[in-house]
Amino acid sequence: MPEKLPKLDAKEAEKILMDDGFTLLRQKGSHRIYGKGAKRMILPFHTGKTLHPKIVKELFEIIQDEK
């Protein structure tokens with residue numbers, strides 16, 4: 001059985017990205033776009049709401065690809 005993903009909000013996900021070397025490229029509405037080299041990650045930034053599991057999965061996949 002696959003490993004269970006943690007429940008994250010946007011601030012926690014942003015911290016994970018920033019710690020991995022991603023930078024905030026721009027923001028459009030409530031969506032923040034982060035980049036590192038050719039990689040790009042879009043986070044819907046709704047304070048206090050939990051991110052959808054697909055977004056959390058994409059976050060961890062993009063960080064694992066870097067290592």
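This is a predicted model: local features need pLDDT of at least 70, side-chain atom pairs count only at pLDDT 80 or more; totals for chains, interfaces and linings use all residues.

Follow the chain from the N terminus and the elements come in the order α-β-β-β-α. The radius of gyration is 12 Å, close to the 11 Å that the globule rule gives for 67 residues, so the chain is as compact as a globular protein of that length.

The accessible area comes to about 4,900 Å², and carbon and sulfur atoms account for 53% of that. Of the 67 residues, 30% are buried.

**Stop 1: the hairpin**

Select strand 1 (23–28) and strand 2 (31–36). These two strands run antiparallel, and five bridges join them. Together they make a hairpin with two residues between them. Click on glycine 29 in the turn: its phi is positive, about 65°. For a pair to look at across the strands, pick arginine 26, which stands opposite isoleucine 33 in strand 2.

**Stop 2: the salt bridges**

Next, show the charged side chains. Side chains of opposite charge can pair when their charged atoms come close. How many salt bridges are there to find? The count is three, so let's visit each of them in turn.

Select arginine 32 and glutamate 14, whose side chains meet in a salt bridge at 3.1 Å, N to O. Arginine 32 belongs to strand 2 and glutamate 14 to helix 1 (residues 10–19), so this pair ties together parts that are 18 residues apart in sequence. Is glutamate 14 buried or exposed? It is buried, with a relative accessible area of 17%.

Stay on helix 1 and select lysine 15 together with aspartate 19. Their side chains form a salt bridge at 2.9 Å, N to O. The two residues are four apart in helix 1, which means that about one helical turn separates them. Here both partners are exposed: aspartate 19 at 57% relative accessibility and lysine 15 at 52%.

For the remaining stop on this list, pick lysine 36 and aspartate 20, joined by a salt bridge at 3.7 Å, N to O. This pair links distant parts of the chain, 16 residues apart: lysine 36 sits in strand 2, while aspartate 20 is in the loop between helix 1 and strand 1. Lysine 36 is partly exposed, at 25% relative accessible area, whereas aspartate 20 counts as buried at 14%.

**Stop 3**

In soluble globular proteins, nonpolar side chains tend to be buried together. The largest nonpolar core in this chain has 14 residues, and Leu17, Tyr34, Met41, Leu43 and Leu59 are the ones that touch the most other members. Helix 1, strand 3 (39–44) and helix 2 (53–66) each supply at least two residues of the core. Which element gives the most? That's helix 2, with four residues.

Setting aside neighbours within four places in sequence, leucine 59 is in contact with Leu8, Ala13, Ile16, Leu17 and Met41. Then zoom back out for a view of the contacts across the whole chain: among those between residues at least 6 apart in sequence, 44% join residues at least 24 apart.

Methods. Residues are numbered from 1 along each chain as its sequence is written. Side-chain values use heavy atoms; hydrogens and water are left out. A salt bridge is a side-chain nitrogen of Lys or Arg within 4 Å of a carboxyl oxygen of Asp or Glu. Buried means under 20% relative accessible area, exposed over 50%, partly exposed in between (1.4 Å probe, protein chains only). Two strands pair if DSSP finds at least two bridges between them. The radius of gyration is taken over C-alpha atoms; the globule rule is 2.2 Å times the number of residues to the power 0.38. Contact means heavy atoms within 4.5 Å. Accessible areas come from the Shrake-Rupley method with a 1.4 Å probe; for residues, only the protein chains shown count as cover. A nonpolar core is a set of buried Ala, Val, Leu, Ile, Met, Phe, Trp, Tyr and Cys residues joined through side-chain atoms within 4.5 Å.
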